[in-house]
Amino acid sequence: GSLTLTLQGSLLPFTAAFQGSGGGPSGPWETGPRLPAPNFLQGFAHLNGRLYSLGGSDGGTQHAAVNFSVLGATGVPGPWTATAPLPQPRHSLVAVSALGRLYAVGGTLVGAGAATNSLYYATPDPIDGSIAGWTSASLPTPLAGLSAVSFTASGSDLFAIGGHNASGTTLNSVYVSRLDADTGAPGTWTQLVDMPLTLGYA
């Protein structure tokens, strides 16, 4: 059956654990390769058979590092490889894959201690997984600790859900942006109906 990859973190180096699934757990948990440095509150996304880790913190220093691991045929992660870092260190961001690209959405900036409205996206090489550089865009408002998903129907929409603002207030807001199919750039953000409850770090 397929494997569900679960990442667990603390101030100690992250490990990747994997477990067979098919109606429920079917095998023991095993430890995968550690990230190059202690890290948590980073964003993770899967794209082209690779797992990407973006940003994060070691509890004292925020990171801009981006690393990826190739997943084997059974879902077992391989060693981590460094690629182009984010333009600014941050933690409490969310990572999303859509249209063959990676998106680093929101987060808390180093030194500022507050949510940011910055958003970065990049197109990893489909052959070797490397990233040459990141392009800047923005959210409609500063957000950190949010959730984000992409949904593809007639196009690809990026949703930014909940999180907290620059004042630390947890939000129930939902925003959506249509991603350009050619460039990957987010379009105009539209605020949708609020959720019934606030949501942060989900």
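Start with R178 and D157: these two form a salt bridge, and their closest N and O atoms are 2.4 Å apart. Keep in mind as we go that this is a predicted model. How many salt bridges are there by this rule? The count comes to one, and you're looking at it: R178 with D157. R178 sits in strand β16, residues 174-179, and D157 in strand β15, residues 156-161, so the pair ties together parts that are 21 residues apart in sequence. Now, are the two partners buried or exposed? R178 is partly exposed, at 40% relative accessible area, while D157 counts as buried, at 14% relative accessibility. As a bit of background, side chains of opposite charge can pair when their charged atoms come close.

Let's zoom out to the sheet around that pair. Four strands make an open sheet here, in the order β14-β15-β16-β17, with antiparallel pairing. At the edges you'll find β14 (147-152) and β17 (186-191), and each of those pairs on one side only. From one strand to the next, the twist averages 25 degrees. If you look between β16 and β17, four bridges join them, and the two run antiparallel. To get your bearings there, find S177, which stands opposite W189 in β17.

There's another open sheet to look at. It has four strands in the order β9-β10-β12-β13, again with antiparallel pairing. Which strands stand at its edges? Those are β9 (94-98) and β13 (135-143), each with a single partner strand, so one side of each is left without a neighbour in the sheet. Neighbouring strands in this sheet are turned by 25 degrees against each other on average, direction ignored. Strand β12, residues 116-122, is joined to β13 by five bridges, and they run antiparallel. The landmark here is Y120, which stands opposite S136 in β13.

R90 lies in strand β8, residues 90-91. Among the residues R90 is in contact with, leaving aside neighbours within four places in sequence, are Y120, T116 and S118, along with G106 and H63. And here's a charged residue with another story: R90 is buried yet has no salt bridge. Where is the nearest side chain of opposite charge? That's D58, and it is 15 Å away. A salt bridge needs the atoms within 4 Å. What R90 does have is a polar contact between its side chain and the side chain of Q88, at 3.4 Å. The backbone oxygen of G106 also lies 3.1 Å from a polar atom of the R90 side chain.

W80 is buried, with a relative accessible area of 13%. Not counting residues up to four places away in sequence, W80 touches several others, including P33, L35, F44, L51 and F68. With F68, the separation is twelve residues in sequence and 5.3 Å in space, C-alpha to C-alpha. As for P33, its backbone oxygen lies 3.1 Å from a polar atom of the W80 side chain.

To finish, the whole chain. It has zero helices and 17 strands. Buried residues make up 46% of its 202 residues. And of the contacts with a separation of 6 or more, 42% come from residues 24 or more positions apart.

Notes
Residues are numbered from 1 along each chain as its sequence is written. This is a predicted model: local features need pLDDT of at least 70, side-chain atom pairs count only at pLDDT 80 or more; totals for chains, interfaces and linings use all residues. Side-chain values use heavy atoms; hydrogens and water are left out. Buried means under 20% relative accessible area, exposed over 50%, partly exposed in between (1.4 Å probe, protein chains only). Lys and Arg count as positive and Asp and Glu as negative; His and the chain ends are not counted. A polar contact is a pair of N or O atoms within 3.5 Å; within protein, one must be able to donate a hydrogen and the other to accept it, and residues adjacent in sequence count only if both atoms are side-chain atoms. Contact means heavy atoms within 4.5 Å. Two strands pair if DSSP finds at least two bridges between them. Axes are lines fitted to C-alpha atoms, for helices over the stretch in contact, and angles run from 0 to 180 degrees between N-to-C directions.
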